[in-house]
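Please read them alongside the coordinates.

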Amino acid sequence: MNPEKVVFGFFIVLALTLNFGFFVGEIDNPDHHHAWELFAVIVVNLVATVLKFGDRTQLGAVLLATSLVAILQLVAAALVWTAVVHVGEGGMTPSAMASIVSLAGGAMIANVVSVVLLLIETVMLRR
């Protein structure tokens with residue numbers, strides 16, 4: 001067993017599961033989506049992205065691209081949340097929360113693609 005591959009797979013799957021945890025709930029209800037959970041999703045996705053930089057294969061390039069898409073979506077969600085809460089005068093509204101969760105949903109799709117690619121790579125390995 002390769003410990004490096006274990007850590008790599010761990011962070012990819014953790015990124016997906018944390019993202020799913022943030023995404024689940026009523027899309028417009030702020031009580032179902034916590035800011036710290038979004039922060040954890042961003043941090044784990046950043047770690048997963050850094051781990052993907054070492055792979056020089058074509059599949060590695062696609063894995064990196066999926067991570068970059070996820071980070072872009074998650075950072076956009078965090079920026080919307082920050083703007084709504086700290087800049088806007090109306091506070092968190094159901095439509096703002098729906099936008100934040102939708103952006104996190106896009107990141108979750110990218111993370112699903114990443115996990116599927118990881119599974120394909122694992123199945124293709126020869127012993």
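**Packing of helix H2**

1. In this predicted model, H2 passes H3 in a left-handed crossing. The axes of helix H2 (residues 35-52) and helix H3 (residues 58-87) come within 9 Å and cross at roughly 155 degrees. Because angles over 145 degrees count as roughly antiparallel, H2 is roughly antiparallel to H3.

2. The contact draws on residues of both helices. By class, the contact of H2 with H3 comprises 15 nonpolar, 4 polar and 1 charged residues.

3. As for its length, H2 contains 18 residues and spans 26 Å from its first C-alpha to its last, close to the 26 Å expected at 1.5 Å a residue.

4. Which residues of H2 are buried? They are Leu 38, Val 41, Ile 42, Val 44, Asn 45, Ala 48, Thr 49 and Lys 52. These buried residues pack against helix H1 (3-23), H3 and helix H4 (94-124).

5. Asn 19 lies in helix H1 and counts as buried because its relative accessibility is 0%, with the cut-off for burial set at under 20%. Leaving aside residues up to four places away in sequence, Asn 19 touches Val 41, Leu 74, Ala 104, Ala 107, Met 108 and Asn 111.

Terms used:
Residues numbered from 1 in each chain as written. Predicted model: local features only at pLDDT ≥ 70, side-chain atom pairs only at ≥ 80, totals over all residues. Heavy atoms only, no water. Axes fitted to C-alpha atoms, helices over the stretch in contact; angles between N-to-C directions. Helix = DSSP H or I, 4+ residues; strand = E, 2+ residues; numbered from the N terminus. Parallel < 35°, antiparallel > 145°, perpendicular 65-115°, else oblique. Left-handed = near helix turned anticlockwise from the far one by under 90°. Nonpolar A, V, L, I, M, F, W, Y, C, P; charged D, E, K, R; others polar. Expected span 1.5 Å × (residues − 1). Buried < 20%, exposed > 50% of the residue type's maximum accessible area, 1.4 Å probe, protein only. Contact = heavy atoms within 4.5 Å.
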